[in-house]
Amino acid sequence: MPRSQAATAAPADALVPRGRLPLLGGLSARRFLSEYWQKKPLLVRQAIPGFAGLIDAAGLRRLAASDDVQSRLIRREGRNWSLQHGPIAARTWKDLDPAQPWTVLVQELNFHLPAADRLLEAFRFIPHARIDDLMVSHASPRGGVGPHFDSYDVFLLQGPGRRRWRISAQEDISLRAGMPLKILKHFHPEQEWVLEPGDMLYLPPRYAHDGVALDECFTYSIGFRAPSPQEWVAEFLLDSAERLRLDGRYADPDLQLQRHPGALPRALQTFFQQQLDSVRFEAAAVRDFNGRYLTEPKPHVFFPAPTEDLSSSGFRRAALARGVRLDPRSRMLFAGDDCWCNGEHFPMAADEHAVLVALADRRRLDAGCLRAGQAASPDQWRSTLWPMLLAWFDDGWLRLGCDWT
Ligand code: SIN
Ligand code: CO
């Protein structure tokens with residue numbers, strides 16, 4: 001489809017929620033962003049009325065026991081905390097000391113559970129580039145992870161059970177030394193609430209908080225990511241170094257006799273300063289790095305191979321009948337004529353633009369959209385789009401079927 005049709009194919013109002021959202025306590029997404037996001041906490045009673053959670057204790061323990069899942073078990077004994085990284089063996093639960101409140105945390109629930117992936121969709125008013133994952137915690141009564149702050153925004157959605165949250169805008173975020181977790185040295189709660197199933201608390205970064213389970217409870221955290229300039233620039237320089245091409249070599253045909261052979265020659269210093277000054281970071285290179293960097297899967301992430309071994313025509317037939325969706329582990333972003341998926345760059349031809357933008361936005365393409373796209377530019381689809389989608393399918397980045405059930 002030509003570029004001019006991109007906006008028609010994916011109207012903005014069909015993608016991001018408009019109007020008052022019960023999820024945000026009746027605020028519109030726009031108002032939430034201008035008044036609360038990164039600014040101040042928001043408590044929403046019954047953000048998801050009747051929310052019964054997404055997983056039970058047995059299911060969570062099965063996930064926590066798996067090698068492919070990031071999990072942690074945190075225990076408290078008086079003022080001390082212990083941290084055990086997963087996988088958490090099934091027998092661990094039998095050996096738990098009832099006097100020590102515990103919390104088990106499972107990261108990236110959206111990779112493992114269709115309902116968790118769907119829950120994240122409700123937060124589409126925040127760019128995909130900023131969303132990290134959905135974490136779930138399951139705590140015994142009095143369990144928690146202690147008073148702390150996070151460097152990122154978080155929505156804490158209460159599942160079954162109740163949790164008392166105490167929060168503080170305190171400036172002092174010094175941490176207790178020698179703890180396996182980030183525990184605030186001094187916590188001065190300013191507000192507190194008991195959250196019941198379906199209630200949600202939004203906290204901006206660095207807001208001190210402490211959640212203590214009143215009963216055995218589950219809490220779902222929608223977490224965000226924000227690259228630090230230190231990491232970003234360091235990675236950018238490493239990446240640029242691989243692409244850098246500087247010809248020639250230092251030469252000194254005008255070398256003058258030097259009084260101190262041990263002195264660093266000034267001309268040599270000037271030469272390298274000039275070389276450095278000649279390096280330019282073009283906007284296009286910065287954008288390309290950003291696309292690759294922000295879609296790079298985390299090091300522990302691997303994409304399970306597709307369960308169906310399909311020929312290219314078999315894949316095409318199945319996709320045209322069932323649609324496709326990105327695997328929940330896939331990260332896809334676009335800007336201008338470029339898109340990036342899982343750390344790789346893919347230029348978008350004019351005929352591919354609408355369909356790839358729709359895939360990046362919606363993370364799925366239904367059969368109708370695929371058929372219409374193919375009918376509009378059959379040559380482009382045959383030569384590049386179908387081979388690309390098939391390669392993504394073979395790599396486990398893309399799945400058949402619009403809905404993950
Ligand atoms: C929890 O769910 O217990 C901890 C979540 C958080 O404090 O960010
Ligand atoms: Co926290």
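1. Start with the shell around ligand 1. Its residues divide into four nonpolar, five polar and two charged. Keep in mind that this is a predicted model.

2. Which residues make up the shell? They are M135, S137, V145, H148, D150, L156, R163, W165, H209, T219 and S221. Find these on the structure before reading on.

3. Now look at where the shell comes from. Three strands each supply at least two of its residues: β7 (131-139), β9 (163-168) and β13 (217-224).

4. Next, the polar contacts of ligand 1. A polar side-chain atom of S137 lies 2.7 Å from an oxygen atom of the ligand. For H148, a side-chain N or O atom is 3.0 Å from a ligand oxygen. For D150, the distance from a polar side-chain atom to an oxygen of ligand 1 is 3.3 Å. On its own, ligand 1 has 260 Å² of accessible area, and the protein covers 94% of that.

5. Where does ligand 1 sit? Its place is the largest pocket.

6. Turn to the metal. Ligand 2 is a cobalt ion. Its coordinating atoms are NE2 of H148, OD of D150 and NE2 of H209, at 2.0 to 2.1 Å. H148, D150 and H209 also belong to the residues around ligand 1. Along the chain, the cobalt donors follow the spacing H-x1-D-x58-H. D150 and H209 link distant parts of the chain, 59 residues apart. D150 is in the loop between β7 and β8 (154-158), while H209 is in strand β12 (residues 208-213).

7. Two backbone details deserve a check. Most residues other than glycine have a negative phi, and most peptide bonds are trans.

8. Which bond joins G86 and P87? A cis peptide bond does, with omega at about 0°. P87 is found in the loop between β5 (80-85) and α5 (92-95).

9. What is the phi of Q38? The angle is near 65°, a positive value in a residue other than glycine. Q38 also has its place in a loop, between α3 (29-35) and β3 (42-44).

Notes. Residues are numbered from 1 along each chain as its sequence is written. Chains are lettered from A and ligands numbered from 1 in the order in which they are written. This is a predicted model: local features need pLDDT of at least 70, side-chain atom pairs count only at pLDDT 80 or more; totals for chains, interfaces and linings use all residues. Side-chain values use heavy atoms; hydrogens and water are left out. A residue is near a molecule or strand if one of its heavy atoms lies within 4 Å of it. A polar contact is a pair of N or O atoms within 3.5 Å; within protein, one must be able to donate a hydrogen and the other to accept it, and residues adjacent in sequence count only if both atoms are side-chain atoms. Accessible areas come from the Shrake-Rupley method with a 1.4 Å probe; for residues, only the protein chains shown count as cover. On a 1 Å grid over the protein atoms alone, a cavity is a set of points where a 1.4 Å probe fits but cannot get out, and a pocket is an open set with protein on both sides within 12 Å along at least five of seven lines; lining residues have an atom within 4 Å of a point. A molecule sits in a cavity or pocket if more than half of its atoms lie within 2 Å of its grid points. Helices (H or I, at least four residues) and strands (E, at least two) are DSSP runs, numbered from the N terminus. Ala, Val, Leu, Ile, Met, Phe, Trp, Tyr, Cys and Pro count as nonpolar, Asp, Glu, Lys and Arg as charged, and the others, Gly among them, as polar. Donors are N, O and S atoms within 2.8 Å of the metal (3.2 Å for Na, K and Ca); water is not among the atoms, so sites may look incomplete.
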